[in-house]
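Please read the following account alongside the sequence and the coordinates. It goes through a few local features in turn.

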Amino acid sequence: TLRSIKKILSITLSVLFLLQQGGFVFATTNVSTWADLQAGIAGTQDEYNVTTALTADTSPNGTLNITADGYSVTGASLTENGTHDTLVNIASATTFGLGNDISGSIVNNGVLNYSGSSLANGTVTGNGTLNFNGASVTNANTINQSAVSVNAASTLTNNAAVNATTFTNNGVVDNNAAITGTITNTGTLTSSADYLIGAVENNNTLNLEGGWIDNSISGTGNTNINGHTVSNANITQNSVNIYNSNLTQDGVLTATVNNDSGSWFSIDPDNLAGDVVNDGTMDFSIGDGGTLAQNITGTGLTLVNYDMEVALNDANSISQDTIHIEAGSSLTANASNLSATTQILNDGQLNLTGGTNNNAINGDGAVEFNGESVINNGAIDQQTGGVVNNAYTLENNALITAEITNNDLMGLYSTADNLNGLVHNAGYLFLQGGTTQNAIDGDGDLIINTAALSNTYNIAQTKLTAYTDFENSGIVSLTNLETDAAATVSNTNSIT
């Protein structure tokens, strides 16, 4: 009804009047001179729109003093006067909105909500809070504030030092200068690590363009490494992604690591607390080694660097194109937990503690089999360092080109054709047919079974037991010879 409409209109006007009296509803006043702007700020609470670029009057009227809430200035640019007086001075416990491009200095001891696009040719000092609310802002002024924040809808290009107790980014920051203080990022922050002088809590995207990390990075976000980076601090993230660059990590890293092709990731195995997808180089080179309790997958190279001793946890695995153990280093693992598409290049010490080896093993190092039982299905070429068996049962199904030692009480099962090197046997050597490829010595037992054996080399053993045919044209020295009834021993040289 008409009466109801009049009542609603009356209430609405009353509310608007009360809000205006309380300083919450303002008009917009256009100003075109510095004097008019100063007069307005000194008088009625309002939003003042600068219609033309202004330069501050000379002293003593060169500063815009903000001493109460309820004022804001937008519009054309503001420039300090020729004597470089402070352009804007915001008192403590005062909130002020500023939307102009600024050329000059600001003293802020209150709250400055900046929505302009440029701060230049001065400084921002004081104990206040500076909030960047503009869509796109470039800062060239050194900032000293209690707190600095970037709004979620804002993009800040920062080209000058920022010193603040807290720096909070909810938007996008492209940083090109030092930020000193505790940094919290829920947006996208791109910076050289050198410029982040304070602990970083990253809960979204942190892009590091190289440099040194000297303070911790924590949070649930993702850190991307896009340049050569050295970290002396702990990193805890959802993921760390290394793109065509290097990361040397000397602190604890708790994250899933993605190491891109062409990238290099170096760490102490004890400091790695996350799985690695490695398509580049995974380099264990910091410290003197330790226990690897994470999984490594991908198409890259895992490198156990010089003077490192790395033990792979039995619950974890390495699956790579190549695993390289450098001279002076060692890798200890269950054989089933190592998968190398091309090879294990072993120039150091490879200790296999059980399981099944399906990898080609090459290089100038040494291989040692340990544990209860090991199966070898991969060709082994270790002509310099040799192969040692300390496993109670070693079943060999591939060619071993190396000097071979089978220790006391240990059992080595193989065809003679697959043992291409001098064999030192102090345990139990089961030759399952074939032709010997080199001499056999030691005080162990030689057992011929499964298939006929042909020998053309010297054999010196404590005991030889033949369950299958034995054809000898070499020199055989034994303490004891036993022949099964089903076996035939033929000799054209010497058996004593």
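The side chain of asparagine 351 makes a polar contact with the side chain of threonine 332 at 3.1 Å; a polar contact is a pair of N or O atoms within 3.5 Å, where within protein one must be able to donate a hydrogen and the other to accept it, and residues adjacent in sequence count only if both atoms are side-chain atoms. A polar contact at 3.0 Å links the side chain of asparagine 351 to that of glutamine 349. This is a predicted model, in which local features need pLDDT of at least 70 and side-chain atom pairs count only at pLDDT 80 or more, while totals for chains, interfaces and linings use all residues. Residues are numbered from 1 along each chain as its sequence is written, and side-chain values use heavy atoms, with hydrogens and water left out.

Asparagine 351 belongs to strand S42 (residues 349-352); helices (H or I, at least four residues) and strands (E, at least two) are DSSP runs numbered from the N terminus. Asparagine 351 counts as buried because its relative accessible area is 15%; buried means under 20%, exposed over 50%, and partly exposed in between, with a 1.4 Å probe and protein chains only. Leaving aside neighbours within four places in sequence, asparagine 351 is in contact with Leu331, Thr332, Ala333, Glu368 and Asn370, contact meaning heavy atoms within 4.5 Å.

Asparagine 346 lies in strand S41 (residues 338-346). With a relative accessible area of 0%, asparagine 346 is buried. Its side chain reaches the backbone oxygen of alanine 366 at 2.9 Å. Beyond four places in sequence, the contacts of asparagine 346 include Ile325, Ile361, Ala366 and Gln382. Alanine 327 is 19 residues away from asparagine 346 in sequence, with a C-alpha to C-alpha distance of 7.9 Å.

Four strands form an open sheet in the order S54-S57-S59-S61, with parallel pairing. Its edge strands, each pairing on one side only, are S54 (434-435) and S61 (489-491). Strands count as paired if DSSP finds at least two bridges between them; S54 and strand S57 (residues 453-455) run parallel and are joined by 2 bridges. Glycine 434 has leucine 453 in S57 as its bridge partner.

Tyrosine 428, in strand S53 (residues 428-431), is partly exposed because its relative accessibility is 34%. Tyr392, Leu409 and Tyr428 form a nonpolar surface patch with about 310 Å² of accessible area together. Patches are made of residues with over 30% relative accessible area and no salt bridge, joining like charges within 9 Å and nonpolar side chains (Val, Leu, Ile, Met, Phe, Trp, Tyr) within 5 Å. A salt bridge is a side-chain nitrogen of Lys or Arg within 4 Å of a carboxyl oxygen of Asp or Glu. Accessible areas come from the Shrake-Rupley method with a 1.4 Å probe, and for residues only the protein chains shown count as cover.
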